[in-house]
Amino acid sequence: MLRRSMPRVMRALLVAGAFGCAAIGPVYAASDTMVALVPPGPHPYFATWKQGGADAAKAFGLKAADFKVPQQWQLSEQNELLESLLAQGYNGFVIFPGDPVGSVSTVSEMVSNGAPVVTAGGCLKDPSDAAFCLATDTGNSAYLGTKQLIRAMGPGKKRILHLTGFLADPNTQLRIDAVEKAATESGDQVVQVIADIDAPEPAAEKVNAYLAAHANDVDGIISTAWVPSVVAANALRKIGDKRIHMVAIDTDQVVLQAIKDGYVDGTMIQNPYGQAYIGAYAVDKLRSGCQVKADAPFKSNALTKKFIDSGTAFVDAHDVDSYVQTMQDKTKQLLSTFATTYLTCK
Amino acid sequence: MSKQSLLRLAQADWFGPLVVTLAAIAIIRGFSPDFLSPYNIQTLLIALAINALIAFSQMIIIAIGQMNLSVGAIGGLAAIAFAGMMQVWHLPVALAAILSLLIGIFCGALNGALISATGISAFVITLATLAIYKGINLGITQAQPFYGIAASVKHFGNAALFGLIPMLAVPTAIIAVALWFLLTRLPIGRFILAVGGNEHAASLSGISVRSVVILAHAISGFLAACAGMLLVARLQLGQPSIGDDWLILSFAAPVIGGAVLSGGHVSVVTTLLGVAMVALITQALVVFSIDPFLVQVVLGLLILAAVGINRLRETHLIARRA
């Protein structure tokens, strides 16, 4: 059977980082904690969730912290999988909710059965029974990415194409608004938003169609979803156009190579590994009797008032090779004070 | 051209879709001068090349009066197998391609065999195998892409004949001609249409319905696998989500082209035109900057309009004949 393997260097760095994190965090755990890390569907963004869970299980002595993927990006499939995992004995969950409102009742069901839930990557809309939301501040990431793009495009009024993900994703509207805000602030214009293209076929078709018809009408591309970033980077490479600037998101190898080759200016990295690692750690703490502090210094976003930023950073050609270290540093930093900042433990 | 020749032309099943396609091209070109630029023609032809195989994969099953919900799952499995065999086992491209095609054929044939052996409807069987094939896909990939695509495959995905016609369109063109030949000139094509038209009558006339069903599903699997592999060449990676979006397109294009869902009547040419219409509509929505929240609504309305125009033409012709 084929086996998917992460690049060795990246894996080594992640494992090294995990041990580093373990050294920082307090190590006492419920030995029967079985955490399920459940994304809403298959997606490359969650590549490091599996490793993050495995490292957390090892570092904190959990019985399991397993990555479980629904077959399709559909709320009903995720809900069914969650219920099935609960029945199988998993007693803690780290989930990216398939829908900010639609997933609330399922999360309540998990919690009422004694399984604490931390949402990671995406949040539930308040009120919910999730302990908190550990995710990228997507609006801020999109805003900062657009600002980087505007800087790369140089002076004068510029025209921006925004490529983004599933409209059902709670983060998509936040990203659309943030890009619009950044462009408006600097007098630039978002000429088009192409959404619902976080899948290979529609992304390839629509991005290429737009560039074919309007390549001369845009000065820059901001992509706030994984697959469009890959497709647009490939398209710019294919047409050989370095006039159009681009800022991508996430760390697909195609995007990283395009940054090195000068077709993409940079990418906004996120911290999915840290979300999984710290999420599993927090779930175990909650099972061990800790409680979320009533006065914890949570941030707010459009969905919840219990938001923790898992970290984001802009990476360009100068530091593209050290992005893993950048995120590990953020994970270590967050974990080192996590328990004292957000939890009350007996 | 005489009036009679024109009328004869108008009676051809491909005439309506062709007119709609040409009209759509003219309208979009009128609003967007770059629409017929060499780069966009390439983009369109690539979309046609892959989507046509997806549509053919469903069309051959519609021809026998069944449906195949696992078209995307088979294509996705073949795609990640193709990419995975290159990355993990370092197999030569040709061998990886052959094995992936065999996977597609096997998955399709298994569908056909299960349907024939159990008598359970194709809808139920392919719904079940959809989950199985997709599950195998996720089991292999762990939901992560394969990046180790051979340089020759990447080159094939980007290359163009005479700087205009993408190489990806070449296999599709060959397959389209072969499929047309099979359906219109070979006995097995007639058997497929006969089984779709009236399974009982076909059986009474000595056709092995079971063999025909298995063969049609095997062909469907082969075509889905071809589409998946071409998509790997185009995207330059093996994404586990390849195939997830194929189902609606696989039905829309043949139906827009006039295929009868109950079986017995399909056409390679009109299916190809159906694919072209969907691709043009998709492009038009991007070119005309339709609000992203309204794209699906507009797409649905335009497909309805395209089908409606074709049906009006057919009704008009029938009335004239009467």
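In this predicted model, 36 residues of chain A are in contact with 41 residues of chain B. Several elements of chain A give two or more residues to the side that touches chain B: helix 2 (47–60), strand 7, helix 7 (200–214), helix 8 (226–239) and helix 9 (253–260). Helix 7 of chain A provides the largest share of that side, 11 residues. By residue class, the side of chain A that touches chain B divides into 21 nonpolar, 7 polar and 8 charged residues.

Strand 7 of chain A, listed among these contributing elements, also belongs to a sheet. This is an open sheet of 6 strands in chain A, with the order 7-6-8-9-10-13 and mixed pairing. Strand 7 and strand 13 (313–316) of chain A each have a single partner strand and stand at the edges, so one side of each is left without a neighbour in the sheet. From one strand to the next, the twist averages 20 degrees. Helix 5 (residues 138–153) of chain A packs on the sheet, where it touches strand 6, strand 8, strand 9 (245–249), strand 10 (266–269) and strand 13 of chain A. The direction of helix 5 makes about 160 degrees with that of strand 9 of chain A.

Strand 6 (residues 159–163) of chain A can be followed in more detail. The strand is mostly covered, with 4 of its 5 residues buried.

On one side, strand 6 of chain A pairs with strand 7 (residues 189–194) of chain A in the parallel sense, over 5 bridges. Individual bridges place the two strands against each other: A:Ile160 has A:Val190 of strand 7 as its bridge partner, and A:Leu163 has A:Ile194 of strand 7.

The pairing of strand 6 with strand 8 (residues 220–223) of chain A is also parallel, and 4 bridges join the two. Which residue of strand 8 of chain A stands opposite A:Leu163? It is A:Ser223. A:Leu163 of chain A therefore has a partner in each neighbouring strand, A:Ile194 in strand 7 and A:Ser223 in strand 8, where strands pair if at least two bridges are found between them.

Technical notes. Residues numbered from 1 in each chain as written. Chains lettered and ligands numbered in written order. Predicted model: local features only at pLDDT ≥ 70, side-chain atom pairs only at ≥ 80, totals over all residues. Buried ≥ 20, exposed ≤ 12 C-beta atoms within 10 Å, placed from the backbone. Contact = placed C-beta atoms within 7 Å. Nonpolar A, V, L, I, M, F, W, Y, C, P; charged D, E, K, R; others polar. Axes fitted to C-alpha atoms, helices over the stretch in contact; angles between N-to-C directions.
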